[in-house]
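Hi,

Here is the model I promised to pass on.

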Amino acid sequence: MEEVRVGVIGAGVMGQLHARAAAESNRERLVAVVDLDEARAREVAGRYGAEAYSDYMRLLDRGDVDVVCVATPDSMHSEPVKACLAAGKHVLVEKPLATTLEDSRAILDAERASGKILMVNYTHRWAAPYAKAREMIEQGALGKPIMIYARKNDTIDIPLKSIKWSSETSPAKFLSSHDLDLALWYFESRITEVYARGVKRLLKARGLDVYDAIQALVKFENGAIGTFESAWIYPNTFPNPTDSYIQLVGEKGVITLDRRQEIVEAATEDAYTYPKVTIVSIIDGKLRGAFKDAHEHFIDCVLTGKKPLTSGELGHHVAEVTVAIHKSIELGRSISLPLEV
């Protein structure tokens, strides 16, 4: 396969990045963009000379699509991913794999039945700071893992304005899923127990019945423990939309990853900010950063047949943990994994 022919389902922020990544690649050709808002699909597709549809089945009816990037809202991954796999397409799906255990398991079953490649787009593994931490762990700097603390908190405009479907997900699924994926990568051990608590107050008072904040304590199979904090109620005056922090503790050392401030500070007449540069950057007019590198990894896997670093199986375990977090909050007790569907 000399040229990988790409379709994109979902023309929001992430879908537009996938479309741009494909259009700018010398190994890919963007064929079509799909969105329920056909005007938006046409606008995005038109930037790159691609076709536009409002129904993803029209994309799958084409004979000139090899892979599909699925960037629909968190709770709407299952049907398009399963349809793409059944149609013989390789799939790169945005994280999390799914918001329910049933959907996650159904996607995993569809992947296995199809024989096609499924990758969950946990981009952080391709960000230089997180990759450096993995390299140091592989070199023995941390020793046997003992503990991880991970915090990923957003400003309140994210659930209220930026994503229109925040009522269908949660801070744990939208935010902590990134950190859970990294923890599994660093500790190379599955999570076997979860105990969590959450607060519903501020957003509920504003008409959005979702958790303001969640904290989850987990136990890994290798005996390590972890705390995963997620919230999306920071005031909008916070210098950037996401407060992201991880600390890894082992028998030999400590590794700290603080992405609240990514080198750049900007003071303007309007605000004092810490612009984000690690995941998405534009350099010489082209998309760069961890997002682009993750996308390229998926294309590498399609061309070589190798298993993605963030495979469907790993994505399923992260989804399972987030479901267990919510189950623990609801039942007021610890939850053992694996869960029964």
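Predicted model: local features only at pLDDT ≥ 70, side-chain atom pairs only at ≥ 80, totals over all residues.

Residues are numbered from 1 along each chain as its sequence is written, and side-chain values use heavy atoms, with hydrogens and water left out.

Rings to start with. Searching the whole structure turns up seven aromatic pairs; rings of Phe, Tyr and Trp (its six-membered ring) pair if their centres lie within 6.5 Å, with planes under 30 degrees apart called stacked, over 60 edge-to-face and the rest tilted. One of them is F174 with W232, a tilted pair at 5.9 Å centre to centre and 40 degrees between the planes. That pair connects distant parts of the chain, since F174 is in helix α8 (residues 171-187) and W232 in strand β10 (residues 225-234), 58 residues apart. Helices (H or I, at least four residues) and strands (E, at least two) are DSSP runs, numbered from the N terminus. Both partners are buried: F174 has a relative accessible area of 16% and W232 one of 0%. For the cut-offs, buried is under 20% relative accessible area, exposed over 50%, and partly exposed in between (1.4 Å probe, protein chains only).

Another pair is W185 with Y186, stacked at 5.6 Å and 25 degrees. W185 is buried at 11%, and Y186 at 4%.

F174 turns up again in a cluster, where ring pairs link it with W165 and W232. The charged end of K95 also sits over the F174 ring, 4.4 Å from its centre. The rule there is NZ of Lys or CZ of Arg within 6 Å of the ring centre and within 35 degrees of the ring normal.

Now strand β5 (residues 90-94): five of its five residues are buried. H90, L92 and E94 cover one side, V91 and V93 the other. Strand β4 (residues 67-70) runs parallel to β5, joined by four bridges (strands pair if DSSP finds at least two bridges between them). Across that pairing, C69 stands opposite L92.

Cheers
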